[in-house]
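Open your viewer, pick a clear colouring, and get ready to click along. We will go stop by stop, with something to select at each one.

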Amino acid sequence: MMMIDRRLIGEVDWILLGLILLQSLVGVFFIYSSTNFLPGAYHVRQLIWIGVSLVALLLVLAVDYKFFVSLSGYFYGLMVILLAMTLVFARLVAGTKSWITLGLMQLQPSELAKIVMILVFARLFAEYKSAYLTTQHTLGALLVAGVPLLLIIAQPDLGTAMTFLAIIGGAFILAGLRKKAIVLLVLAALAIGVGGWTIALKDYQKKRVTTLINPAGDPRGSGYQVIQSKIAIGSGGFAGKGFQKGTQSQLRFLPARHTDFIFSVIGEETGFLGVFVVILLYFALLARMFLSVAKARDRAGVYIIFTASLLIAFQFLVNILMIIGLFPVVGITLPFLSYGGSSLLASYVACGLVLNVKMRRFANV
Amino acid sequence: MPENRIYEDLSLVQRRANTVFWIVAAMIFLALSYYWKVQILEHKKYQGLAEANRTRMRVLPAPRGLIRDRKGGILADNRASFKVSLVRENVKDEASSHAAICRLLGIDEPTLRGRIDLHKDLQPFEPIIIADGLGPDDVAPIESRRLELPELIVESEPQRFYPGGGLAAHVLGYLQEQTPEEVLARPNRKVRPGEMVGKTGVEREYNDVLRGDDGKVYEVVDSLGRVHGTTAATQNPVQGGDIVLTIDRDLQAEAERSLEGREGVVVALDPGTGRVLALASSPTYDPNRFITRFTPKEWIALMSDPDSPLENRAIRGLYAPGSIFKLVMSMGGLSSGMITESTTFYCSGSIQIYGAIRHCWFAPGHGAMDLSDAIKNSCNIYFYTLGRRMGIDTIAQAASLLGLGRKTGVDLVGEKEGLVPSEGWKMKTLKTPWYPGETISVAIGQGQLQVTPMQIAAMTAMIAERGKRFRPHLIGGALEPPAVAEELPASGTMPRFTPAEYEGVIAGMWRSVNEGGTGQGAKVADFDACGKTGSTQTMSRESAERLKRAGREVKTHSWFSGFAPRVNPKIVVTVLVEFGGGGGATAAPVAGRLFDLYKKDLATKLETTK
């Protein structure tokens, strides 16, 4: 381990860091708007979490990402053990076993597992230099990713499992998939999908998928969230109802206002204008992250930047499509804006890794 | 490039990463355009949905109009009460919620279930009334548990209150909750489910006047139904219109007092206008007990009571008129020319007609009787003989000319028509010819004849007014119809009765009360009452005599109907006491008391106007 070099501070992408902090503060505003009438000072807690996450991001910057990649095997082992323990010991929160208590903080190990997977894939594909993946390599990577994925599905945390699949798929695309492999993977995914639907999926999860097709079929049950969220967004109009003036969120028709549905609050209270600004900021953030691949000095760096960016992009897209009824309600938060420590920490650490790669683009050999 | 040694060629993966980014960018753009569609193009639709979401219309029930008697005394009032409603949507756990509600309201689970099932077709967010008629102390424990029981709503509601208890209960009627089926059956009426509406009596007849217009308030509610203020458009309720009845509280009270403990009817009319001054039907009930929506036990008890206290006997009780019918016989006899006032028949106590021996009620016989003697003494032999002369169809025509066999048209729902038999009627309904012997029974008001006390009162009023007939009515004040004499339709070939014919009958009625006739119990000094008694056999003569031999007394229904004074009549009183015995002994004194009371009332009024 080495301390941060003075020279390196000048290489930090301050614009990207600024965009992250800006998004987080926008989130705090609307967390405040939707929870100020509840006890618990959610906005203050979110601010504390932003502070904690920022410290974590800076700590990640201090260490060369190559070192993290070299340790990824240990991280992987730890992660599998943690996920297995979670499954056994975690208390039930909202019907899923995804939370463990670490002292004062509650953590979702599955959130941190995403970070570990970024490093593991960087390690797996760093030395892989041919244009396309071989069957052997594909199966190996699937095996490595499959163990934590199954543990997460068992919790069951459908949202995180989907995010996992997105990272795996992204890594494969980057490594190069032949047409034959794509067909095989699609077939495998279909088989798993159909099998999972009939065997593994809980009734409430099935309902969420059928509700996507017909939300009015169950307006008081699982369709309720989507209907109320869509009403909130649609009634916001062009300029919105004003800060803290959203009837849907203030009168609590909107479920999970400060977590998964924070963007609905923004849509209701600031209208299309606010939606446009936040999506534009997000676009800038994602562009800056994705396009950093050009600055990576090695293959591991490219994989880290790409999978981390894809992680944020996937959650963002699924969330904004889910709350407006274009995707099933799967419990995926909006990175940086939604209330919640684990998700915030994971997003910050993922961005920390991107910044890390970017600022060490010149090999210091 | 020299750096190629240090930096590997990453262009392929970087190109792929860029491609994925642009796919992501395209999806962001598509998402944004969908937001445009929802927020800009479909804004109106979602704005409407958001409004409907957060506002809830609550009905502010209008207090019903007051009902007063002719002197201004309040017969039906309103008082403040509370009702508790359940919003099923907000029930978290049905079992524990129902248990808590039953404990707080002191009702049992089946009752609560029954209420909810009755209104199960309402939307889950629409409140179902589960308790009403509550005082502030009853609802305090619920108010204090507001947060634990978001499914309960406590609202105030004006409740009907009858200060006189059972006073004029059959006139006023009672309220009952409008059931969802009734609302569906008549969808264009503005009555809402759960509203208390008049079921009988004046409350029903004038429900549209009394109900007023409900107000509306649009409340802003949250997803738990908690109220966060109201929107501007509050519509205040408008109290229903007051109603003044023609009922005289004092006469009514006296009429009810005199029937206490008996089954019977007292009707008092103002013959010159048709105003109903008193209408008592006994046994009675306290309508205050039905004002709540939940008194099934008492309700069922009243419904199944063999004495049917809920029935208004004055308009729905069918009785044989007995000797009262001799007034019809007399009018018909004079009009058809079968007798004159001075025609005399001899009563020996019994007579053989159509091969059967018939008796007078006075076994020794009345001797020679002219018309007024016969009315005064209610001689059966006289009217047997007259009946044989007239025949059933002439009798039926006379009865019809006096309004029997048809509704009087009093403003109360459910009035019965009664029955005046005739040859045609019997052939049509019973498919057998008329036997002359039956005419003899009808001649003294028995047989198949059926009348309501209201019909007898209206007929008496018509006699008192010497042929002018005014429709009996309860509505007074501004809503009272103008006093225009009614023309009953012509009946067969019989011409309308002449004033002279009326005077002939009235002479007999006057003597009945004032010269020691059967109606002398109704005599009031200086009030010149005229009347006729009746005692109606409630079973055939044969079975009555059999019971009498067995030592059991069979009482007849006791009638009196009369008016006072003889000239310029002011009041008609008709009394019927079921199983009251002789009309002279039981019914006439009741009428006498009412005559006396009304006479004093007129005197004080005269005093005050002077």
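**Before you start.** This is a predicted model, in which local features need pLDDT of at least 70 and side-chain atom pairs count only at pLDDT 80 or more, while totals for chains, interfaces and linings use all residues. Residues are numbered from 1 along each chain as its sequence is written, and chains are lettered from A and ligands numbered from 1 in the order in which they are written.

**Stop 1: where the chains touch.** Show chains A and B together: 44 residues of chain A are in contact with 35 residues of chain B (contact means that C-beta atoms, placed from the backbone, lie within 7 Å). Now select helix H12 (262-290) of chain A, one of the elements giving two or more residues to this side. H12(A) gives the most, with nine residues. (Helices are DSSP runs of H or I with at least four residues, strands are runs of E with at least two, and both are numbered from the N terminus.)

**Stop 2: the largest core.** Which residues touch the most other members of the largest nonpolar core? Select Val266(B), Val267(B), Ala268(B) and Phe595(B), out of 112 residues in that core. A nonpolar core is a set of buried Ala, Val, Leu, Ile, Met, Phe, Trp, Tyr and Cys residues joined through C-beta atoms within 7 Å; buried means that 20 or more other C-beta atoms lie within 10 Å of the residue's own. Helix H19 (residues 453-464) of chain B supplies the largest share, nine residues. Domain 1 (56-244) and domain 2 (249-284 + 315-609) of chain B both contribute, so the core lies between them (the bounds come from an automatic or database domain assignment).

Zoom in on Val267(B): its contacts beyond four places in sequence include Met454(B), Ala457(B) and Thr574(B).

**Stop 3: the sheet.** Stay in chain B and colour five strands in the order S12-S11-S19-S18-S17, an open sheet with antiparallel pairing (strands pair if DSSP finds at least two bridges between them). Why is one side of S12 (275-282) and of S17 (530-536) in chain B left without a neighbour in the sheet? Each stands at an edge with a single partner strand, so nothing in the sheet lies beyond.

Next, select S11 (residues 264-270) of chain B, which seven bridges join to S12(B). Gly264(B) stands opposite Ser282(B).

**Last stop: a helix on the sheet.** Select helix H20 (residues 499-514) of chain B, which lies across S17 and S18 of chain B and runs at about 75° to S17(B). (Axes are lines fitted to C-alpha atoms, for helices over the stretch in contact, and angles run from 0 to 180 degrees between N-to-C directions.)

Key:
Contact = placed C-beta atoms within 7 Å. Buried ≥ 20, exposed ≤ 12 C-beta atoms within 10 Å, placed from the backbone.
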